[in-house]
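Dear colleague,

Please find the structure below, handed over for your further work. The findings follow directly after it.

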Amino acid sequence: MTGNTGAERTLRFTMLGPLQVRSGDDLLELGPYKQRLLLAALLCRANTVLSVDQLIDALWDGDQPRTARKNLQVYVSALRKVLRDRIGHVPYGYTLTVTSEESDLLRFDELAAAGRQAQRAGHPAGASALFGEAVRLWQDRPLVDLLGSPFAARESERLSDRFLAVYEDWAELEVEAGRALGLLDRLAELTARHPFRERLIVLHMTALDQVGGRRQALACFEQHRQYIARELGLDPSPVLRQTYRAILAGGGSARPDRDRPREHARPSQLPRDLADFVGRRGEVEAAVAALTGGARCTDVTAVSGPPGVGTTALAVHVGHRIADRFADGQVFVPLGHPDGTPRDWHEVLTELLRSTGLDLTPPREETAALALWRSWIADRQVLLVLDGATGESQVRRLLPGRGPTRTLVTSARRLSGLECVHRIELDEFTPGEARELLARVLDERRLVDADRTLRRLQEVYGLSPLVVRALAAKLTTLRHLSLSEYAEQLGRLPAGPHELSVGGCSVQDGYRRFHRGLDPQQRAALGALGALPGPAFDQAVLLAALGGLAEPAERIVEELIEAHLVTVAEDDEVRAHAVRYRMPRLAHRYAAALHRGPGPLPGGC
């Protein structure tokens, strides 16, 4: 933005609560729901260009109408009239320009960073003042009026985690300064809302004890102990037990020694394991052995496969199996944004350092930042899960140089360029494995003739775990249909894979995200394969389909194999010594849709 006027400088954007914009004392009318959601997306990434595809995903979450781009332009135009041209445009997207004086989120981040700098410099009073000012900016859950949108709900959760980290830092300083009384109501509210956040529990107990509420502090511990035992089957952490013993002994809760850095809580960041995880027995045992067997060259295990095949689910399942083998915890970090594009390495590295106990922002210079990370992690025994890698360099820079940490990587690519890695490649379910999963969810009576039906569905869509889970989710809703009856209904619909979507389980979205992560040459190649009549073809047909692209066809074939878009067919499919290839069936259907132009994936059984 150029040439700010006095009127422009009066705008005030708030999102730490309901989304609002004020001009002076006047609350501006922001228009319909989607228009406000667009403003929220731009505010969450203020002063950064968001692509048109990213904004469409934020507004429609993968279910956009054909007129999505036109609608987006209309919303942008309307917001520009309200916001006095604060929204800038570049050929591929839009950006909202605001300052920290105008945005409560940017101001919060600025105050939090200054508070942590004061804390590291040994100025607790100054740090507490800065943290307190940051905390007071929060009115409610971020974007509380837009939580019906999956995008807004995700952003609200992400921002709430940032608030809690700052609140805990501030509350700890306030308790140490003897000002616990004013914290009690908020601590009670937050511990009730976040019962698994043990640092909040410790602070609540300590604050209660400081104001003479010893019995309440002990009751707080007992309530938490029973809750996590019931919900997770776990005992309270050593830090929480130490706090309990100190209060019980009547000596006051222990306070950290400021001459030494505080012990960081053992991270436990693995997502929830699937209780109905089926199949993959050989792959699970191979990953467990590689990560815990102590053999040479097994400090990194890479799990790969085409979209929807369950690489993340397997990594999480394995992680839970071996979590207790890692004394310093488990760290789970996604390497991509929800839209499929890769995250910035500095952002990921900052998250890794803070997750493992070093609460600072690393240098921007890559060599210095990676040296800091490798020195810090060298003596720690962590299970590090890097989820959704898009390339070797993205992973290689984050690998520890030495030490007992083990790394588990998931990717839709084979990552063939990574050295000294134990590789596990996943394929689709067999009909037997698919039936086993469905039997965990559905009544056996609804699975009559399931084997024949699943073989039929396999011919059309394949049987990736994502497809089978989408079937299970759909049939959970359509309680009046059996599997075979639903397959018949699916065969009569014009958009089968689009139909295989319920709630957050979507077959089509996985390929959309995967497609965005491809480079332009790979995207063009995938579209070219859509012209082929089926998912199996010989080498001559493949090379001819790719002949019109800029790169030599043989080189493109290698890239497609690396991306799990094409595989060499099994020996029993090879005829007359000719090399034959095949694509995952959904990948071919998606490619065919790309070749035809915009629109949902085709259906029909």
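In the hairpin of S1 and S2, five residues lie between the strands, and glycine 17 takes a positive phi near 140° there. Strands (E, at least two residues) and helices (H or I, at least four) are DSSP runs, numbered from the N terminus. The model is a predicted one, in which local features need pLDDT of at least 70, side-chain atom pairs count only at pLDDT 80 or more, and totals for chains, interfaces and linings use all residues. Residues are numbered from 1 along each chain as its sequence is written, and side-chain values use heavy atoms, with hydrogens and water left out.

Strand S1 (residues 11-14) runs antiparallel to S2 and is joined to it by four bridges; two strands pair if DSSP finds at least two bridges between them. Arginine 12 has arginine 22 in S2 as its bridge partner. S2 is also joined to strand S3 (residues 26-27), by two bridges and again in antiparallel fashion. Here the bridge partner of serine 23 is aspartate 26 in S3. The hairpin of S2 and S3 has two residues between the strands, and glycine 24 takes a positive phi near 65° in it.

Buried means under 20% relative accessible area, exposed over 50%, and partly exposed in between (1.4 Å probe, protein chains only).

Positive phi values also occur in residues other than glycine. Asparagine 47 has a phi near 65° and is placed in the loop between helix H1 (33-44) and strand S4 (50-51). Its relative accessibility of 41% makes asparagine 47 partly exposed. Leucine 143, with a positive phi of about 55°, lies in the loop between helix H5 (124-135) and helix H6 (150-176). Leucine 143 is buried, at 0% relative accessibility.

Helix H2 (residues 52-60) has seven of its nine residues buried, so it is largely enclosed by the rest of the structure. The buried residues are Val52, Leu55, Ile56, Asp57, Ala58, Leu59 and Trp60.

Two packed helices are described by the angle between their axes and the distance between the axes. For helix H22 (residues 520-529) and helix H24 (residues 553-562), the axes come within 10 Å and cross at roughly 95°. Axes are lines fitted to C-alpha atoms, for helices over the stretch in contact, and angles run from 0 to 180 degrees between N-to-C directions. H22 and H24 are therefore roughly perpendicular to each other (65 to 115 degrees; under 35 counts as roughly parallel, over 145 as roughly antiparallel, and the rest as oblique). Gln521, Gln522, Ala525 and Leu529 of H22 make the contact with Ile556, Glu559 and Leu560 of H24, where contact means heavy atoms within 4.5 Å.

Lastly, serine 411 is found in strand S10 (residues 406-411) and is buried, with a relative accessible area of 2%. Not counting residues up to four places away in sequence, serine 411 touches Val303, Ser304, Gly305, Thr311 and Ala389.

Kind regards
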